[in-house]
Amino acid sequence: MKIGVLALQGDFAEHIAMLKRLKVETAEVRLPEHLNGLDGLIIPGGESTTIGKLAVAYNLMDPLKQFGQRHAIWGTCAGAIFLSKDVSRDQPLLGLMDIKVQRNAFGRQVDSFETDLDIPELKQATGTETPYHAVFIRAPIIESVGDNVKVLASVPDGRIVAAQQGHLLATSFHPELTNDTRFHEYFLTLVD
Amino acid sequence: MEVKTGTWTEKKGLAQMLKGGVIMDVVTPEHAKIAEDAGACAVMALERVPADIRAQGGVARMSDPELILKIMDAVSIPVMAKCRIGHFVEAQILEAIGVDYIDESEVLTPADEAHHILKHNFKVPFVCGCRNLGEALRRIGEGAAMIRTKGEAGTGDVVEAVRHARAVIGEIRRLTTMADEELMSYAKEIGAPYELVKETKELGRLPVVNFAAGGVATPADAALMMQLGMDGVFVGSGIFKSGDPAKRAAAIVKAVTHYNDPAILAEVSKNLGEPMVGRNVSQMPEAERIAGRGW
């Protein structure tokens, strides 16, 4: 199994380090041809506007959309924004997931937070009981989801922070900034 | 449900989101929009770019909060702002208006010639400059969650940025080959906290994100700093003191992403118009150099 990490901008090295801990072969993706031979892709945290502009400039939009038809993709924070079909502003989006996202929904950096989340699917898939400690940084929320999208996690006020649509996964938070590999393990179960 | 804000993970984490990106100095909301449209991962809001601070002289202070707020309103990307070295009240003001990162910067006139701000006291994260590993680890010890090598701001001459990046990277390389019993003496020698020296040896890199700064003016300069091992690049005067800021800004963003691809670097370096005029640092009198500010 070989998993690519979109390496246009952001914390792609942190995702690669997590995948290496799970003994998975990895590749950095900056150009369309770098998608060849990959079984799945992670779109990291970073600035979604920067990642979108670079994806347009290097003709990655259509290849990424096609990749997502057949293969698993997981977007964390900026990556979740990039996977969505609507962010209520004009910026390049893949539109692969039927989710509407609000950027910086919790406020600015001083409002960024860490908290424990209860994610039943994650516990079940990894056979563990401990809650998932999530790190949110200038995080987006998933405002609404389509009928074919499953909500995986919400914060206590009900706002959605993780969702799955078949082999596509979106999280508002950053599993790559923790020592907990469970979310990466969960993503790997979605890879054919 | 326990919710924690302002943690070390949060502070360090935002800098991790900026990696592989370009942080651009802007002095107006219009500049900020140009920077965002060019693909900047963050902007540094200030009243004068370093080249103008040099040219105009006088005391350089924190910018007017109103200007910073207007820039925060203009863009969706993170906004940083500078306070003077040791001026913890300027930092309190910047935290109060909600900037995303504070740069305790030698580019402004220092307010304290012996002490830096105790940055652990703040919820907002700080970035600080360094010229070598000891200075970097002292700043991290005080709570800086991001480091930038200083270079020589406002010159358009990359030589000091290279000197400081090579110093940090080279010192870390030597540190990784030291025996554990040598670390205390080494910590004493470079004036750095022992625990951070130990952590740096274990990690083989600084414990926080490390950007290059101070003199980057072209896509090739930016890619040079990335190939030397920096995590990203600050560009100050180099963009808005050039002939075509929007085009140069976009080119530098592309160069940082594709820093290892000479064919792309050649392509983005074409027809950028006039670079900033620049000043040769080796011919500058010592009194005009600002990288020495910091203790």
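Predicted model: local features only at pLDDT ≥ 70, side-chain atom pairs only at ≥ 80, totals over all residues.
**Ground rules.** I count residues from 1 along each chain as its sequence is written, with chains lettered from A and ligands numbered from 1 in the order in which they are written.

**Chain A overall.** I started with the secondary structure and found six helices and eleven strands in chain A. Helices (H or I, at least four residues) and strands (E, at least two) are DSSP runs, numbered from the N terminus. Next I looked up the box around the C-alpha atoms of chain A, which is roughly 40 × 40 × 35 Å along the principal axes. Of the 192 residues in chain A, 63% are buried; buried means under 20% relative accessible area, exposed over 50%, and partly exposed in between (1.4 Å probe, protein chains only).

Which non-glycine residues did I note with a positive phi? One is A:C77, at about 55°, and another is A:R138, at about 40°. I placed A:C77 in the loop between strand 4 (72-76) and helix 4 (78-83). A:R138 sits in the loop between strand 7 (132-136) and strand 8 (141-145). Buried or exposed, I asked of A:R138? A:R138 counts as buried because its relative accessibility is 6%. A:C77 is buried too, with a relative accessible area of 5%.

**A charged patch on chain B.** I found a negative surface patch formed by B:E47, B:D64, B:E66 and B:D73. Patch residues have over 30% relative accessible area and no salt bridge, with like charges joined within 9 Å and nonpolar side chains (Val, Leu, Ile, Met, Phe, Trp, Tyr) within 5 Å. A salt bridge here is a side-chain nitrogen of Lys or Arg within 4 Å of a carboxyl oxygen of Asp or Glu. I followed up B:E66, which lies in helix 4 (residues 65-74) of chain B. At 44% relative accessibility, B:E66 counts as partly exposed.

B:A167 belongs to helix 7 (residues 159-176) and is partly exposed at 23% relative accessibility. I also checked B:A167 against B:M24: they are 143 residues apart along the chain, and their C-alpha atoms are separated by 24 Å.

Notes
Heavy atoms only, no water. Areas by Shrake-Rupley, 256 points an atom, 1.4 Å probe, with all protein chains shown as cover. Lys, Arg positive; Asp, Glu negative; His and termini not counted. Charge placed at Lys NZ, Arg CZ, Asp CG, Glu CD.
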